[in-house]
Amino acid sequence: MAQAAFLPSDPTEPPESPRLSPRARREAALDETKRSFLRMVSHELRTPLNSILGFSEIIASELYGPLGAPQYKEYAGIIRTSGNRLLKLVNQILEIARLEGRAMDMDLRSEALDHALDDVLDGLREEIAARRTRIVIEDQGGLPSVTADARGLRTVLTNLIQNAVAFGPEDATVRICAVPHGGDVEIHVSDNGPGVDPADLSRLLRPFEQGDSALTRRSEGAGLGLPIVDLLCLAMAGRLKLQSTPGEGLTATVRLPVG
């Protein structure tokens, strides 16, 4: 079993790069302050959100009796849906802060892609059904294994499939395949959506950005899914590559060591 630990260095140790300019040191300190702030805010938001979600669930299910006017049950459902959306955003911000600060432990071991995809697709069943998306997995049941962190791998696959489902048209097809490439495995997730201008692909890997402008984008979210995938791939000794042509969809390729 391999262990990859990304932890902040001991503050008592000498800095790794004594030749850093004063400006570079200030920027590094500001980055760490930003990450600490994001971690603090995310933790503080999750506690009241859990209460909101719990009580809205109780109210929507009328656990202690009927509510009276039917609008109350509808409003409780809206509160629950909005709370879940906000909790997802908070968790994504916390994940970004942890990954950028290298404050996550990666337990790298052999992971079967077939099992990981089963878990991911089971969790995304409702989203996939709502968009009437068809998921096609080439060589399902015979996919290779990769060396990865179990949670990290499932997060990567979830974000890539969610992205393909959300940005593709309804009744679309998302294709998934995994092929050996030297000592690695390349996992391809392709959609047949509108695609992205190749000049914009690098922007998709920056937090809080999406392929469409804020005024025209069709999908909700803060644009954190792909940056999280990129950082997780790096933490698992892999990498992410995006390819797209306008009008011909987008293909995300994750390359991880073979398991």
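In which helix does leucine 49 lie? The close-up views below, drawn from a predicted model, begin with that residue and then turn to the nonpolar core, the paired strands and the cysteines.

View 1. Leucine 49 lies in helix H1, which spans residues 22–60. Because its relative accessibility is 5%, leucine 49 counts as buried, the cut-off for that class being under 20% relative accessible area. Once neighbours within four places in sequence are left aside, the residues in contact with leucine 49 are Gly83, Leu86, Leu87 and Val90.

**View 2. The largest nonpolar core, with isoleucine 161 as one of its members.** This core holds 46 residues, of which Leu113, Ile161 and Val254 touch the most other members. Helix H5, running through residues 150–167, supplies the largest share of the core, namely seven residues. In soluble globular proteins, nonpolar side chains tend to be buried together. For isoleucine 161, with neighbours within four places in sequence left aside, the contacts are Leu117, Val120, Leu121, Leu124, Ile135, Ile176 and Val189.

**View 3. The hairpin of strands S5 and S6.** Strand S5 (residues 173–181) pairs with S6 in the antiparallel sense, and seven bridges connect the two. Within this pairing, arginine 175 stands opposite serine 190 of S6. Two residues lie between the strands of the hairpin, in which glycine 182 adopts a positive phi near 65°.

**View 4. Strand S6 and its pairing with strand S8.** Strand S6, made up of residues 184–190, is mostly covered, since five of its seven residues are buried. Strand S8 (residues 250–257) runs antiparallel to S6 and is joined to it by seven bridges.

View 5. With a disulfide taken as a pair of cysteine sulfur atoms within 2.5 Å, the count of disulfides in the model comes to zero.

Methods: Residues are numbered from 1 along each chain as its sequence is written. This is a predicted model: local features need pLDDT of at least 70, side-chain atom pairs count only at pLDDT 80 or more; totals for chains, interfaces and linings use all residues. Side-chain values use heavy atoms; hydrogens and water are left out. A nonpolar core is a set of buried Ala, Val, Leu, Ile, Met, Phe, Trp, Tyr and Cys residues joined through side-chain atoms within 4.5 Å. Buried means under 20% relative accessible area, exposed over 50%, partly exposed in between (1.4 Å probe, protein chains only). Helices (H or I, at least four residues) and strands (E, at least two) are DSSP runs, numbered from the N terminus. Contact means heavy atoms within 4.5 Å. Two strands pair if DSSP finds at least two bridges between them.
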